[in-house]
Amino acid sequence: TTVWAGWEETSVPSMLNGDDHYAYIQGYSDGTVRPNANITRAQVATIFFRLLDEDVRDDNLTTYNTFPDVDQDYWANTAISTMARLGVINGRNSGLFDPDANITRAEFAAICARFDDSGVDGITTFTDTVGHWAQSYITYVANLGIIDGRGDGSFGPNDDVTGSEAAKMILTALGYL
């Protein structure tokens with residue numbers, strides 16, 4: 001029997017490695033992954049740092065950042081500092097990064113939008129994003145199909161993201177879903 005497989009090239013954002021993906025999502029020291037647990041801002045920065053194209057990562061690698069709550073010895077300092085240098089992640093209004101806080105759907109949408117360079121246009125009409133600081137980012141990634149709204153027409157911009165939601169959005173951004 002001869003089996004033929006076909007593939008279709010997908011559009012992976014230029015800063016991300018679309019070819020080989022080693023363990024960019026790693027479990028906890030107790031061997032669990034915790035897909036239903038919320039994911040932190042530091043964890044998301046680290047995941048996207050691991051997904052960077054090697055040249056992009058090497059050209060922008062730094063341990064310097066302006067966040068007073070991310071010290072040089074913080075476990076995710078290099079990831080946070082590099083992603084901030086690239087302009088992909090930002091601090092919160094307080095000027096802090098708040099690395100151990102859960103990431104919100106709006107923050108995650110903004111990160112995904114900052115990576116994409118496809119120029120997709122469109123309009124979404126989520127009932128709860130009008131006037132939100134991330135409205136344009138949310139609209140952008142929703143039109144890319146990276147992130148969905150809730151079944152009731154809302155988006156939930158201030159809701160926390162779970163590990164499984166983050167994995168689905170990342171896989172979609174990379175063209176796997």
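Okay, a bit of housekeeping. What we have is a predicted model, where local features need pLDDT of at least 70, side-chain atom pairs count only at pLDDT 80 or more, and totals for chains, interfaces and linings use all residues. Residues are numbered from 1 along each chain as its sequence is written, and side-chain values use heavy atoms, with hydrogens and water left out.

Let's start with H4, residues 105-115. By helix I mean a DSSP run of H or I with at least four residues, numbered from the N terminus.

Now look at H4 against H5, which is residues 135-144. Their axes, lines fitted to C-alpha atoms over the stretch in contact, with angles from 0 to 180 degrees between N-to-C directions, come within 8 Å and cross at roughly 65°. That makes H4 roughly perpendicular to H5, a label for 65 to 115 degrees. Among the residues meeting there are Ala106 and Ala110 in H4, and Tyr137 and Val141 in H5.

There's another pair to see: H1 (residues 41-51) and H3 (residues 77-85) also come within 8 Å, crossing at roughly 75°. They are therefore roughly perpendicular to each other. Phe48 and Phe49 of H1 are part of that contact, as are Ile80 and Met83 of H3.

On to the charges. There are six salt bridges in the structure, each one a side-chain nitrogen of Lys or Arg within 4 Å of a carboxyl oxygen of Asp or Glu. Which residues are linked in a network of them? Arg41, Arg92, Asp98 and Glu107.

Finally, find Asp148 and Lys168, a salt bridge at 3.2 Å. Asp148 lies in the loop between H5 and H6 and Lys168 in H6, so the pair ties together parts that are 20 residues apart in sequence. Arg150 and Glu165 form another bridge, at 3.8 Å, N to O. Here too a residue in the loop between H5 and H6, Arg150, is paired with one in H6, Glu165.

Methods:
Helix = DSSP H or I, 4+ residues; strand = E, 2+ residues; numbered from the N terminus. Parallel < 35°, antiparallel > 145°, perpendicular 65-115°, else oblique. Contact = heavy atoms within 4.5 Å.
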